[in-house]
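Here is a short report for a reader who is new to this chain. Please look over the sequence and the structure first.

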Amino acid sequence: MITNFISGLQEFHFLQNALITSVVIGIIAGTIGSFIILRGMSLMGDAISHAVLPGVAISFMFGIHPLIGAAIFGIVASFLITLIRQNSVIKSDTAIGITFSTFLALGVILIALVPTTTNLFHILFGNVLAVQDQDMYLTIGVSVVVLILVGLFFKELLLTSFDPTMAKALGMRVNAYHYLLMAMLTLVSVVSMQSVGTILIVSLLVTPAATAYLFCNKLKSMIIVSATLGGVTSVLGLFIGYNLNIAVGSCIVIVGAIIFAISFIFSPKQTLIHRRRLSNETEIDS
């Protein structure tokens with residue numbers, strides 16, 4: 001299988017594009033996912049990834065690049081969710097549920113009405129093997145912009161993630177950094193559509209970051225581990241999907257889940273083995 005994959009990389013341009021795109025998406029999703037996990041906003045990532053679907057459909061209507069429409073609708077969805085949460089008695093999970101289900105339903109209806117050769121299945125579940133050169137370059141460009149923004153505003157994002165009350169007391173514009181993070185999350189969700197589709201994007205955002213959280217106590221190390229896991233997961237998923245001729249996006253998700261399951265067992269923070277060993281040591285001491 002390894003020989004087949006390497007020879008495929010040497011021979012097929014589409015496989016080279018798929019490898020580069022999936023690795024870049026894995027790295028950037030792991031980076032943004034770390035902030036999403038720390039803020040307890042996993043559902044927000046899910047909501048935005050679903051909310052971009054109407055934007056894709058409308059982009060087809062007007063003949064523009066689908067990533068443009070998807071980005072606009074993703075930002076609108078994050079704005080609406082935050083607006084409802086901050087200006088009503090409605091809780092965050094309820095606002096997210098209402099918004100993402102409405103946008104998803106609207107997207108499915110619009111996709112059915114738009115005369116396009118693009119398969120809805122590919123939008124929902126992705127097809128990284130069909131990524132063109134321009135899409136790959138766009139993904140790399142968006143990822144570089146997001147990484148630069150994270151580097152520039154790392155301290156602010158760190159403080160507003162861990163203690164928004166203190167950040168507000170220090171004069172930081174907490175809402176501004178919240179919307180900055182939502183904008184970056186939207187961009188990552190939009191470019192990730194090509195790899196795993198709108199349905200499974202949340203797994204790329206959450207699973208590598210959650211795995212890293214089991215081992216790391218500092219945000220910087222968590223981001224590095226999460227981004228690395230995201231890249232490795234994407235490569236392994238592409239490797240399995242290509243060799244077995246099955247959906248690559250689903251393979252990436254399953255590989256990420258397996259890595260998380262193994263980490264859950266052996267993590268020093270969570271581990272069942274660690275707890276059992278502590279229990280045994282306590283019994284011996286007593």
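## Two annotated spans

Over residues 246-267 the chain is 86% helix and 0% strand. The end C-alpha atoms of residues 246-267 are 31 Å apart. Residues 174-193 are 100% helix and 0% strand. The end C-alpha atoms of residues 174-193 lie 29 Å apart. The model is predicted.

## The whole chain

The chain has 14 helices and zero strands.

The chain has 286 residues, and 47% of them count as buried. Take the contacts in the chain with a separation of 6 or more: residues 24 or more positions apart account for 73% of these. The chain exposes about 14000 Å². Carbon and sulfur atoms supply 69% of that area.

## Aromatic pairs

The structure holds seven aromatic pairs. One of them joins Phe5 and Phe239: the ring centres are 5.3 Å apart and the planes stand at 75°, so the pair is edge-to-face. Phe5 sits in helix H1 (residues 2-11), and Phe239 sits in helix H12 (residues 219-244).

Phe73 and Phe103 form another pair. Their ring centres are 6.1 Å apart and their planes are at 75°, so this pair is edge-to-face. Phe73 lies in helix H5 (residues 66-86) and Phe103 in helix H6 (residues 92-113), so the pair ties together parts that are 30 residues apart in sequence. Phe73 and Phe103 are both buried.

## Thr233 in helix H12

Helix H12 also holds Thr233. Why does Thr233 count as buried? Its relative accessible area is 4%, and buried means under 20%, so Thr233 is buried.

Which residues does Thr233 contact, leaving aside its neighbours within four places in sequence? They are Ile252, Val255, Gly256 and Ile259.

Key: Residues numbered from 1 in each chain as written. Predicted model: local features only at pLDDT ≥ 70, side-chain atom pairs only at ≥ 80, totals over all residues. Heavy atoms only, no water. Helix = DSSP H or I, 4+ residues; strand = E, 2+ residues; numbered from the N terminus. Phe/Tyr/Trp six-rings, centres within 6.5 Å; stacked < 30°, edge-to-face > 60°. Buried < 20%, exposed > 50% of the residue type's maximum accessible area, 1.4 Å probe, protein only. Contact = heavy atoms within 4.5 Å. Areas by Shrake-Rupley, 256 points an atom, 1.4 Å probe, with all protein chains shown as cover.
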